[in-house]
Each structure stands twice: as structure tokens, then as C-alpha cells.
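Here's a short report on the chain shown below, starting with its surface and moving on to its fold and a few residues.

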Amino acid sequence: MNDQQVNQLLAAMAAQTAAMNRLAESNEALTAVIYQSMVAEENEAELPQHTYLSGKPRG
């Protein structure tokens, strides 16, 4: 392999590394959003149901 091919290979590897890092960051952000939505749903499930003074459910 000559110097030009080595430089091209290194540039391609750097580009792939950058792309993998972006993918990892987006996966981390997506995981955080999913986790937050699951926690929010769990907290909503713990809230008492809205009722009128008579005890009948609202809505």
C-alpha cells in the first residue's frame, strides 16, 4: 500500500468513526427520551383518578 492509499484509508476510517459517534449520540438521546416518557407514564398511573364530589369519574 502506498502513502496515498494509506492516507485515503485513514480518512475513510476517520469519517466512519465520526459517523459511528453521531449514531451513538443519537441512540443515547433516543434512549433518554424513551426513558423519560416511560417515567412520565408511570407517574401518571400513580395519580388518583379525577372524580366529581359525588365520586363519579370525570371525563
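## Surface

The protein chain exposes about 5700 Å², with carbon and sulfur atoms supplying 58% of it (accessible areas by the Shrake-Rupley method with a 1.4 Å probe; for residues, only the protein chains shown count as cover). Of its 59 residues, 0% count as buried, where buried means under 20% relative accessible area, exposed over 50%, and partly exposed in between.

This is a predicted model, where local features need pLDDT of at least 70, side-chain atom pairs count only at pLDDT 80 or more, and totals for chains, interfaces and linings use all residues. Residues are numbered from 1 along each chain as its sequence is written, and side-chain values use heavy atoms, leaving out hydrogens and water.

## Fold and dimensions

You get 1 helix and 0 strands in the protein chain (DSSP runs numbered from the N terminus: H or I of at least four residues for helices, E of at least two for strands). The C-alpha trace spans about 85 × 15 × 10 Å along its principal axes.

The radius of gyration is 26 Å, whereas a compact globule of 59 residues would come in near 10 Å (taken over C-alpha atoms; the globule rule is 2.2 Å times the number of residues to the power 0.38).

## Along the helix

Helix α1 covers residues 3-46 and includes Met13. Met13 counts as partly exposed because its relative accessibility is 44%.

Ala40 also sits in helix α1, and is partly exposed at 35% relative accessible area. Ala40 and Ala15 are 25 residues apart in sequence, and their C-alpha atoms are 38 Å apart in space.

Technical notes: Buried < 20%, exposed > 50% of the residue type's maximum accessible area, 1.4 Å probe, protein only.
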